[in-house]
There are 2 protein chains.
Amino acid sequence: MTVSDEERIARVTINIVTEPGDLRCLGLTRELGGIRFLEVLREQPDLRPAFVAAAGRLAGAQPERVLEDAARRGIRFVVPGDDEWPSSLDDLADAGMLHARGEVPVGLWVRGPIRIDRLGAAVAVVGSRSSTSYGDEVAGDMAAVLGAAGWTVVSGAAYGVDYAAHRGAVTADGRTVAVLACGVDRPYPLAHRQMLDHLGEHHAVVSEAPPGSAPLSIRFLARNRLIAALTRGTVVVEAAVRSGALNTASWADRMHRTVMGVPGPVVSAASEGVHELIRAGGASLVTCGDDVLELLGAPGEHLLDVRRAPEAPRDRLTIRARQVLDAVPVSSPASAASVARVAGLGADEVEQLLDGLARDGHVERLPSGWRLGEDARSTIDQ
Amino acid sequence: MTVSDEERIARVTINIVTEPGDLRCLGLTRELGGIRFLEVLREQPDLRPAFVAAAGRLAGAQPERVLEDAARRGIRFVVPGDDEWPSSLDDLADAGMLHARGEVPVGLWVRGPIRIDRLGAAVAVVGSRSSTSYGDEVAGDMAAVLGAAGWTVVSGAAYGVDYAAHRGAVTADGRTVAVLACGVDRPYPLAHRQMLDHLGEHHAVVSEAPPGSAPLSIRFLARNRLIAALTRGTVVVEAAVRSGALNTASWADRMHRTVMGVPGPVVSAASEGVHELIRAGGASLVTCGDDVLELLGAPGEHLLDVRRAPEAPRDRLTIRARQVLDAVPVSSPASAASVARVAGLGADEVEQLLDGLARDGHVERLPSGWRLGEDARSTIDQ
């Protein structure tokens, strides 16, 4: 371990007295280190307006106790310099701010056996809390495919798409990580206590906010940047025009991650934000887990087979047989001579080919002549 | 009229003895004119294999009679040089071939009062014959918006999207044109006889195939190029992976028309071809008629309002009030002092702002402190 106890305690302190995503305090901690920034906060609390509130909370902070309490409950605090620190988070240093939130966190609270530096290939599956059953189904199927392919799914813990994504990954024996806006020990929403306990025991639950912290709107906005930073790409499954999932997509875009969107019915408000994102070029259209793997895989990996139309019976015909088939009327029968004229082939050859086509059901012979067989009539698509 | 009777009759003859989209015969007619190409066909029928079949039919051709019969039934034959000839069709000269079909037609058979050189701004709305009710609904709504905006809708006459598009345009008192693979006097499919009669009486029904011609597969492929050529852009509403609508989209793309696709549920096979097209960059995603107008309109016309999220109550708050609101817990109440700390504002100011926020229902005061109001709790979207 290369991080000194003093630095770790300093970072816990800063974490306790600041809000997640506090640009000034986090930025200076990144530049100066925890110990030095804490000195600044103690000695020059009026250096910047942003420091005043944080400095005011220093007296009540009990970092050792918070860290011990957490450890007793299986919660660790991972900071830059730790083996477990994911270098992908450092991209937040250059990602600017959204809603006045941003920067590399001073540390992350983690509960669960998955090491967050070893998420491997990870992908965020996010979307609306007020998803439709369509959105839930797509998110679940997609997460299952990703999980089964060895990818780690990352999401929040909200109703709707978040829940469906974790569930899909777990069902497929895949790995999945929940990043929360509140403390990792707080089941929010309460209805997801069981899921969060399962993730905390077998996967990982992560938060920038210290244990015990409440879910505040502002913390959701700060949380979204972590979901984007921890993953190679973000898939938005359903999102209305005003949706937090689009905030996550913006963060992903800023960090040059791949942003993907799942289309849905254009009459569904739950897909409106995603359609807008695709339309504006802000996201690639994906329809399934394989599409995601194709976009995110390293070159040569997961190359998706070009989706071909299912082979139709006519694909197996010779070119000349097809030429004849194309010249046979759909409904009203025509003579072999007429078919030959349209096809531009000799009458004898056409008679022979028509017999062969009839054997395979491509055409049928009526007393008045030839027309397409029943299957061909019903599958012809103008 | 600048087209001589002799040239017109020559073109009718060529039209009768060749198949729609016959590359060689149509290409040479374009280069040499109808009179000269007919001489070639008569005098040197063995010049090219493609000529043999056509030349063999010359003896039986009765062009004057076909033209007179057609005229008696209100069907005219429009050829290059006529005032009514749409110059947009000439783009087919450079559009190559698909499925061995292509080229500028030698003429078009037209039934109905709309002059095909005056379609004005026209847009093709095409899609699967086996559409879903979702696809029909979207096609109908879109065509109604386009029709009401003064655009001419162009489509085939098949079941599904084609029918829904014509119906939508007619409902909105818009103009709509059906381009057929069979003769303009043949109701195909039979179930659309009434619609085709309505279009023939009040709009226009168009075909390259002479009156009486049967619907052959090969003629649908030739027909698709006309739909693309007559319009500024093609919208594919629903299309399975193997769908004729994608053939129309390819023609539109070759002629540098705008290709658009309507997304749908990813679980719907009827949308699979459209998603693939959007994914591959072959079509812009559109969700409604206004999207189409924005993409096709001349610069400055039909500029779509940027779709904004509906204004939320919090948008009307001052920045400081929002700062306080963002610091109020979602569920478990917190004291005003705690809210002030998180917000980084003075306690007195925060008390005042909380009172104001409570009056508008943004927050609520419980015995144990402040939390978000019910509306805010239910609309917060992680």
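A:Glu103 counts as buried because 23 C-beta neighbours lie inside 10 Å, where buried means 20 or more other C-beta atoms within 10 Å of a residue's own, exposed means 12 or fewer, and partly exposed covers what lies in between, with C-beta atoms placed from the backbone. The structure is a predicted model, in which local features need pLDDT of at least 70 and side-chain atom pairs count only at pLDDT 80 or more, while totals for chains, interfaces and linings use all residues. Residues are numbered from 1 along each chain as its sequence is written, and chains are lettered from A and ligands numbered from 1 in the order in which they are written.

**Backbone geometry**

- The phi of A:Glu103 is near 80 degrees, a positive value in a residue other than glycine, and A:Glu103 sits in the loop between β3 (101–102) and β4 (108–111) of chain A; here helices (H or I, at least four residues) and strands (E, at least two) are DSSP runs numbered from the N terminus.
- B:Ala100, also not a glycine, has a positive phi near 60 degrees and belongs to the loop between β2 (97–98) and β3 (101–102) of chain B; because B:Ala100 has 13 C-beta neighbours inside 10 Å, this residue counts as partly exposed.
- In chain A, a cis peptide bond with omega of about -5 degrees joins A:Tyr188 and A:Pro189, and A:Pro189 lies in the loop between β7 (175–180) and α8 (193–202).
- In chain B, B:Tyr188 and B:Pro189 are joined by a cis peptide bond with omega of about -5 degrees, B:Pro189 being in the loop between β7 and α8 (193–202).

**The sheet of chain B**

- An open sheet of 9 strands with mixed pairing runs in the order β1-β4-β8-β7-β6-β5-β9-β10-β11, two strands being paired if DSSP finds at least two bridges between them.
- Its edge strands are β1 (75–78) and β11 (284–285) of chain B, each of which pairs on one side only.
- Strands β9 (residues 233–236) and β10 (residues 258–261) of chain B run parallel and are joined by 4 bridges, with B:Met260 of β10(B) as the bridge partner of B:Val235.

**Helix packing**

- In chain A, the axes of α6 (residues 133–148) and α12 (residues 289–296) come within 8 Å and cross at roughly 50 degrees, where axes are lines fitted to C-alpha atoms, for helices over the stretch in contact, and angles run from 0 to 180 degrees between N-to-C directions.
- The two helices α6(A) and α12(A) are therefore oblique to each other, given that angles under 35 degrees count as roughly parallel, over 145 as roughly antiparallel, 65 to 115 as roughly perpendicular and the rest as oblique.
- A:Asp141, A:Met142, A:Val145 and A:Leu146 of α6(A) meet A:Gly289, A:Asp290 and A:Val292 of α12(A), contact requiring C-beta atoms, placed from the backbone, within 7 Å.
- In helix α2 (residues 23–32) of chain B, the buried residues are B:Cys25, B:Leu26, B:Leu28 and B:Thr29; they cover an arc of only 165 degrees around the axis, which puts them on the same side of α2(B), the arc being that of the directions from the helix axis to the C-beta atoms.
- The cover over the buried residues of α2(B) includes α1 (5–17), α3 (34–43) and α4 of chain B, and just after α2(B) comes B:Gly33 with a positive phi of about 90 degrees.

**Contact between the chains**

- Chain B and chain A contribute 48 residues each to the contact, and α11(B) gives the most to the side of chain B that touches chain A, with 4 residues.

Technical notes
Contact = placed C-beta atoms within 7 Å.
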